[in-house]
Every structure is written in structure tokens, then in C-alpha cells.
Amino acid sequence: MSDQIRIAGIKAFGYHGVLPHEAVEGQEFIVDLAVDLDLCAASLSDDLNETINYADLAQIVHDNIVGERVQLIERLAGRIADEIVVKYKKISAVHVTVHKPHAPVTVDFADISVTITR
């Protein structure tokens, strides 16, 4: 199946990370989301009930970023993916990429991210 809902660049401030100062100071996290599902019925009916509301998906991502602290962005991505899969049975796969643009790394980098697929 090649149908997909994609949301790129969901930004929120969270307190995730291994280092103690990350729990106190926090930082911005950015998440890209792709959801695989059959959109044939929605494309014919023009009915929101035949798809998944992307605003609801974005809210799940946001709530997880600002929610309970985790140490690893792997865990954050997994938590988002698992919540979406449980909530929306019509999904065949979900791809969650968590970017940590201000990761405490001592070398110059353009991006650090983790992608989880469920």
C-alpha cells in the first residue's frame, strides 16, 4: 500500500535526555510522522470518518514531547508510535522520527534523529 498521511516538523519543548541538565533546562524536539493506511475510501467519499484526522495525530506527538520525561529519544519515538498504533486500528504502519537539534554533542552536526517503525 502506498497511501500515507505525513506530518513534518511538529515542534514542542520537552525535558528528555540522559544528562541532568537536560531534565532541568529542557530543549526543543521536532518530530516527523508518517502513517501508512488505505485512503481509498476517504478519497472517494470525502468523509473524515474514512481516514485519520491529522490534527489528532499531531496532538498525540505534541503531548508526548511535553509529557513524561524519558532519557532516550528512542523511547520517545517508540512511545509515540505505540500510542498511535493502539488508537488507530486502520493503520498498517507508523514511522516516527524524533529530531534532537540541540543534543549535547561536542562536534558540529546538522541533525541527530531516531526513526522508529511499528
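**View 1. Lys100 and Glu22 join their side chains in a salt bridge, 2.7 Å from N to O.** A salt bridge here is a side-chain nitrogen of Lys or Arg within 4 Å of a carboxyl oxygen of Asp or Glu. The pair links distant parts of the chain, 78 residues apart: Lys100 sits in the loop between strand S3 (91-99) and strand S4 (113-117), and Glu22 belongs to helix H1 (residues 20-25). Both Lys100 and Glu22 are buried, where buried means under 20% relative accessible area, exposed over 50%, and partly exposed in between (1.4 Å probe, protein chains only). Keep in mind that this is a predicted model, with pLDDT of at least 70 needed for local features and 80 or more for side-chain atom pairs, while totals for chains, interfaces and linings use all residues. Residues are numbered from 1 along each chain as its sequence is written, and side-chain values use heavy atoms, leaving out hydrogens and water.

**View 2. Asp82 and Arg118 form a salt bridge too, with their closest N and O atoms 2.9 Å apart.** Asp82 lies in helix H4 and Arg118 in the segment after S4, so this pair ties together parts 36 residues apart in sequence. Asp82 is partly exposed, at 33% relative accessible area, and Arg118 is partly exposed as well, at 42%. A search of the whole structure turns up two salt bridges.

**View 3. Helix H3 covers residues 54-66.** Helices (H or I, at least four residues) and strands (E, at least two) are DSSP runs, numbered from the N terminus. The 13 residues of H3 reach 19 Å from first C-alpha to last, close to the 18 Å expected at 1.5 Å a residue; that expected span is 1.5 Å times one less than the number of residues. At the start of H3, a side-chain oxygen of Asn53 comes to within 2.8 Å of the backbone nitrogen of Ala55.

**View 4. Leu57, Ile60, Val61, Asn64 and Ile65 are the buried residues of H3.** Down the axis of H3 they fall within an arc of 130°, so they line one face of the helix; the arc is taken from the directions from the helix axis to the C-beta atoms. An α-helix has 3.6 residues a turn, so residues three or four places apart point the same way. The buried residues of H3 pack against strand S1 (4-14), strand S2 (27-37) and helix H4 (73-87), with contact meaning heavy atoms within 4.5 Å.

Terms used
Polar contact = N/O pair within 3.5 Å; in protein donor to acceptor, adjacent residues only side chain to side chain.
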